[in-house]
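Here's a quick briefing to read with the viewer open. Take a look at the model first, then come back for the notes.

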Amino acid sequence: MEFAIASAIGVLAASGIYLLLRARTFDVILGLTLLSYATNLLIFAAGRPVVGKPPVLRDGVAQTLANYSDPLPQALVLTAIVIAFAMTAVTVVVAMREHADLHTDHVDGEEPDDDARGGGR
Amino acid sequence: MNHLPVLPVLVPLVTGALLLLLERRHRMSIQRIWAWLGMLAMLAVSVTLLVQVQREDLLVYLLGDWPAKLGITLMVDRLSALMVLTTTLLAIPCLMYACAGWDKRALHFHALFQMQLAGLNGAFLTGDLFNLFVFFEVMLIASYGLLLSGARGARIKAGMHYVVFNIAASVVFLMALGLLYGMLGTLNMTEMAARIAAAPPERTMLIHAGAGLLLLVFCAKAALLPLYLWLPEAYARAPAAVAALFTVMTKVGLYAILRVYTLMFGEAAGPLANLAWDWLLPAGAATIVLAALGVIGAPRLRIAVAYLVLLSAGTLFVAFSLANPGAISAGLYYLAHSVFVSASLFLLADIIQRHRGSNGDYLMPIASMPNKTLPAALFLVAAVSIAGLPPLSGFIGKLQLLNSVPESQLAWIWAVILGSSLMTIIGLSRSGTRLFWRIDASPSDAEAPPVRRAEIGAVLLLLAYGIAMTVAAGPVLRYTNAAAAQLLDVDTYIQTLRQTDPQIREPSP
């Protein structure tokens with residue numbers, strides 16, 4: 001299980017960083033989204049979730065972390081998800097505005113000159 | 001219970017929400033009145049906070065009266081109170097400048113401005129690392145709005161870079177928080193400090209990784225050497241009043257570094273003690289050199305000013321990473337000074353830009369400028385101050401800093417700081433000569449554009465802060481000395497926090 005979660009976080013983060021470094025705004029936004037998924041999973045995993053131990057208090061069970069999962073990381077993930085969601089919306093709006101204004105989706109606002117770079121990419 | 005520590009966040013938050021409601025129905029003048037009422041309340045709160053913190057040393061406020069290990073705490077020490085007052089003092093002239101006309105053209109300006117202040121103040125006051133992240137986001141979201149409202153063309157492009165860069169940095173911040181929480185089981189900075197000092201050896205490596213990621217984030221916000229590329233363009237494209245307010249944004253990153261790496265990874269942190277300073281010292285020095293070159297090479301006045309902001313950030317990195325009380329104290333004095341003076345230069349650059357008409361603030365085509373006397377005189381005062389020439393505040397800050405460099409590193413730090421000052425003088429004299437001096441004696445046919453009294457007043461007020469800091473250098477430096485000494489005394493923080501109990505709630509079993 002640890003291996004599955006760890007590799008999922010790793011793959012998401014790696015794809016996110018790859019997309020983040022690309023030159024088109026759409027790829028960059030997708031990259032940011034993937035990166036924030038990776039982060040959410042990482043924080044969630046940092047709370048050491050265990051099967052069968054929900055973070056809800058029950059009668060007759062001692063109130064220690066031995067009997068429950070830690071609820072705090074789940075609250076943190078909730079905050080992080082909301083913020084990442086809002087930020088994605090902001091980037092989409094900025095990207096659309098940039099496209100409408102500059103007529104390109106290149107992150108530098110202008111198409112690179114292919115000849116100057118030795119052709120092709 | 002004393003509710004003062006939460007007011008610097010609440011006052012702008014409530015004012016901002018109120019302004020958002022008002023702007024639908026009411027004229028601009030009503031909005032301005034409420035914005036100014038909020039600003040006055042903020043000033044009263046910041047001054048009271050500063051007075052109270054001198055009397056009581058450390059104020060701890062438990063939000064919602066939850067015990068410190070469960071809930072969020074606000075901690076006000078001398079450093080926080082100083083930062084809050086600096087922000088408020090900076091915001092007053094920015095608002096003054098914006099009220100001269102910009103606020104009519106930017107959508108939601110007043111509401112976003114207050115939200116930005118709430119985020120800034122919250123970041124300075126909070127004692128909880130996750131809460132610091134949240135206030136960083138509040139501040140950044142407001143700044144996106146301020147930067148992008150009504151933006152076109154080049155400003156949108158600069159805005160896109162700024163937004164994406166900051167979101168990526170925030171994601172890394174969250175990763176660091178996840179790692180540190182997993183290892184330490186708490187997010188209260190003071191409690192984390194105590195647990196880092198007692199951490200078992202098998203956990204140090206991951207804590208170290210978390211600390212490194214955190215350092216990366218703060219350096220990105222504070223624009224340290226390889227992470228500064230977003231800054232000059234974004235600051236040079238932002239509207240003047242907004243750019244002036246942004247000068248305090250890089251200082252938030254510096255504040256966070258100073259707070260986290262003295263409190264959590266300070267002398268007492270065992271194997272992780274003082275891990276940041278060895279990295280920051282050379283990187284800060286390299287930032288100073290590059291920024292000084294940027295000041296000389298800038299094609300536009302506002303880009304030169306953006307590099308001056310960078311230069312002051314580099315100087316502060318050097319000051320803080322020396323990590324002795326004298327250098328930190330000098331750094332805090334220099335921080336307040338550089339915020340005020342670079343803000344005044346941003347405002348001046350905007351005034352000059354409008355005076356020169358189509359030539360804007362480009363230095364190269366030498367163009368005539370009607371009514372140049374007043375802007376030129378103000379530019380001279382600001383330039384003298386930022387370059388660190390006597391008798392103004394920059395000189396006192398740099399002198400104190402040079403004075404507290406330890407013997408062993410004396411030669412190269414002095415060389416870097418003094419060399420950068422010389423390059424700043426060269427760069428600014430070159431700009432000044434091109435803008436004001438080598439221009440036609442005959443006034444051009446274009447009539448002078450209106451420069452409103454409030455705009456000149458805002459610049460004068462910012463420069464007056466600098467002069468007041470020069471005149472009152474003694475008391476200010478005494479205060480920053482006390483702040484630096486307090487900052488390095490980690491045990492007091494831990495004890496004060498652990499002794500603070502909820503007052504209404506029953507203590508948990």
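Predicted model: local features only at pLDDT ≥ 70, side-chain atom pairs only at ≥ 80, totals over all residues.

Residues are numbered from 1 along each chain as its sequence is written, while chains are lettered from A and ligands numbered from 1 in the order in which they are written.

**Confidence**

- The predictor puts the complex at an ipTM of 0.90 and a pTM of 0.92.
- Going by pLDDT (the predictor's confidence in each residue, from 0 to 100), chain A has a mean of 86, with 93% of its residues at 70 or more.
- Chain B has a mean pLDDT of 89, and 97% of its residues reach 70 or more.
- Within chain A, H3(A) has the lowest confidence, at a mean of 90, and helix H1 (residues 2-20) the highest, at 94.

**Where the chains meet**

- Chain A puts 27 residues into the contact and chain B puts in 23 residues; two residues are in contact if their C-beta atoms, placed from the backbone, lie within 7 Å.
- On the chain A side, helix H2 (25-46) and helix H3 (72-102) each supply at least two residues.
- H3(A) gives the largest share of that side, 14 residues.
- By class, the chain A side has 17 nonpolar, six polar and four charged residues. Here Ala, Val, Leu, Ile, Met, Phe, Trp, Tyr, Cys and Pro count as nonpolar, Asp, Glu, Lys and Arg as charged, and the others, Gly among them, as polar.

**H3(A) against H6(B)**

- The axes of H3(A) and helix H6 (residues 129-148) of chain B come within 12 Å and cross at roughly 15°. Axes are lines fitted to C-alpha atoms, for helices over the stretch in contact, and angles run from 0 to 180 degrees between N-to-C directions.
- That makes H3(A) and H6(B) roughly parallel to each other (angles under 35 degrees count as roughly parallel, over 145 as roughly antiparallel, 65 to 115 as roughly perpendicular and the rest as oblique).
- H3(A) passes H6(B) in a left-handed crossing, meaning that the near helix is turned anticlockwise from the far one by less than a right angle; clockwise would be right-handed.
- The H3(A) residues in this contact are A:Leu76, A:Thr79, A:Ile83, A:Val90 and A:Val94, and they meet B:Phe130, B:Val134, B:Glu137, B:Tyr144 and B:Leu148 of H6(B).
- That contact has eight nonpolar residues, one polar and one charged.

**Packing inside chain B**

- Helix H13 (residues 277-297) and helix H18 (residues 410-437) of chain B have axes that come within 8 Å and cross at roughly 15°.
- H13(B) and H18(B) are therefore roughly parallel to each other, and H13(B) passes H18(B) in a left-handed crossing.
- Among the contact residues are B:Ala285, B:Ile288 and B:Ala292 of H13(B), along with B:Ser420, B:Met423 and B:Gly427 of H18(B).
- The H13(B)–H18(B) contact divides into ten nonpolar, three polar and no charged residues.
- Which residues of helix H17 (residues 393-403) of chain B are buried? They are B:Ser393, B:Gly394, B:Ile396, B:Gly397, B:Lys398, B:Gln400 and B:Leu401. A residue is buried if 20 or more other C-beta atoms lie within 10 Å of its own, exposed if 12 or fewer, and partly exposed in between, with C-beta atoms placed from the backbone.
- Those buried H17(B) residues pack against several helices of chain B, including helix H14 (301-322), helix H16 (373-387) and helix H20 (473-487).
- B:Phe340 sits in helix H15 of chain B and is buried, with 30 other C-beta atoms within 10 Å.
- Leaving aside neighbours within four places in sequence, B:Phe340 is in contact with B:Leu90, B:Leu462, B:Tyr465 and B:Gly466.

**Backbone spots to check**

- Most residues other than glycine have a negative phi, and most peptide bonds are trans.
- B:Pro390 and B:Pro391 are joined by a cis peptide bond, with omega about 10°; B:Pro391 is in the loop between H16 and H17 of chain B.
- A:His103 has a positive phi of about 55°, lies in the segment after H3 of chain A, and is exposed, with 10 other C-beta atoms within 10 Å.
- B:His108 also has a positive phi of about 55°, and with 17 C-beta neighbours inside 10 Å it counts as partly exposed.

Notes. Helix = DSSP H or I, 4+ residues; strand = E, 2+ residues; numbered from the N terminus.
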